[in-house]
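Student: I have a model open and want to learn to read it. Where do we start?

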Amino acid sequence: MIESNPPLLHHYGTLVRNPSNLVQVDQQRHIGGLVPAEECQLPLIDLHGLKSPDTRESLECARAICRASSEWGFFQVLNHGISPELLQSMRREQLKLFAAPFERKATCGLLNNSYRWGTPTATRPTQYSWSEAFHIPVTKISEEASYGEDFGSLRGVMEEFAAAMSNLANLLAGILANNLGHQKESLEDICDSSTCFLRLNRYPACPISPEMFGLVPHTDSDFLTILCQDQVGGLQLMKDSKWVAVKPNPDALIVNIGDLFQAWSNDVYKSVEHKVMANEKMERYSIAYFMCPSYDSLIGSCSSTSPESSSVYRKFTFREYRNQIQQDVQKLGHKVGLSRFLLQ
């Protein structure tokens with residue numbers, strides 16, 4: 001039988017069983033790896049309210065988006081404009097793609113050679129992710145040569161899906177920018193669909209350790225992320241200094257604020273640490289759309305909600321931010337993030 005799973009167990013088995021790492025595993029258990037996280041219900045916002053002829057209702061919907069972005073950094077949206085049929089088509093294509101033999105995914109240049117698995121830089125269990133993914137720039141989705149003979153239908157579905165996610169991201173980002181006293185065009189000058197990414201994730205069942213991360217704790221290094229997930233669960237976020245588990249909602253998409261929006265908003269909106277816990281028996285699938293700027297776009301605090309307040313962060317480019325993250329991961333084993341760019 002041809003194996004479709006990446007060799008996670010083989011690649012990290014020695015690392016996990018290394019006696020010198022037992023302390024790391026015990027620490028992870030102590031901080032919540034094995035302690036069941038309390039399940040939470042993220043703020044649930046019906047975007048149909050934005051189209052209401054009642055001005056009060058539409059304004060309240062916009063306020064709810066901004067409030068959730070400040071208080072939680074995460075929220076769910078209903079009536080988001082992406083049809084169930086398109087979501088189902090995308091899921092079918094995703095399942096077919098990940099079912100391909102591992103060697104083909106890893107060596108045949110599928111989806112602009114965007115396949116990745118595990119965490120090659122990990123030196124201990126707390127640093128690696130039990131997952132595989134395709135992380136593809138939106139501009140590369142239309143390149144027919146990236147799909148091969150077996151995945152021709154994937155291209156059209158991905159193009160439609162990415163366009164729909166882009167429209168939703170622009171809608172939400174515009175509302176958040178307007179709340180800061182800026183027109184949505186001020187963000188469109190920084191971000192457009194040509195600089196964004198789509199990431200198809202698969203988290204294989206993990207039989208060796210119930211405290212294994214499917215995706216290590218992190219914040220997103222973008223402006224805005226929109227997530228479509230299945231019903232397996234596993235996503236957790238940090239709320240009030242503790243991990244809480246997000247209960248899947250089959251009718252909702254999840255939205256979260258990224259580091260760049262936190263910096264751009266001068267800390268009005270919050271980029272919150274989150275992670276995925278691996279499941280011992282069930283695989284999990286998700287698709288994330290990342291709203292990103294061009295690498296040379298200048299990111300500066302521009303919140304006008306409190307004109308008298310000074311900027312929290314110095315100005316920096318997305319390229320500079322990414323380079324700093326890579327340096328920190330190589331040197332420290334983890335991302336440091338926005339604190340590197342504080343003015344004080």
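**Reading the sheet, a helix pair and the salt bridges**

Tutor: Start with the sheet: five strands make an open one, in the order β1-β10-β9-β12-β7, with mixed pairing. This is a predicted model, where local features need pLDDT of at least 70, side-chain atom pairs count only at pLDDT 80 or more, and totals for chains, interfaces and linings use all residues. Residues are numbered from 1 along each chain as its sequence is written, and side-chain values use heavy atoms, leaving out hydrogens and water.

Student: What counts as a strand, and when do two strands pair?

Tutor: Strands (E, at least two residues) and helices (H or I, at least four) are DSSP runs, numbered from the N terminus. Two strands pair if DSSP finds at least two bridges between them. Strands of a sheet pair through backbone hydrogen bonds, either parallel or antiparallel.

Student: Which are the edge strands?

Tutor: β1 (38-40) and β7 (213-218); each pairs on one side only. β7 runs antiparallel to β12 (residues 274-277), and three bridges join them. L215 stands opposite V276 in β12.

Student: At what angle do helices α3 and α7 pack?

Tutor: Axes are lines fitted to C-alpha atoms, for helices over the stretch in contact; angles run from 0 to 180 degrees between N-to-C directions. Helix α3 (residues 55-71) packs on helix α7 (residues 152-179) at about 80°, with axes 10 Å apart. That makes the two roughly perpendicular (65 to 115 degrees; under 35 is roughly parallel, over 145 roughly antiparallel, the rest oblique).

Student: Which residues meet there?

Tutor: Contact means heavy atoms within 4.5 Å. From α3 come A62, I65, C66 and S69; from α7, L172, I175, L176 and N179.

Student: How many salt bridges does the structure hold?

Tutor: There are 14. Each is a side-chain nitrogen of Lys or Arg within 4 Å of a carboxyl oxygen of Asp or Glu. One of them joins D150 and R104 (2.6 Å, N to O). This pair links distant parts of the chain, 46 residues apart: D150 lies in the loop between β5 (132-137) and α7, R104 in helix α5 (residues 102-107).
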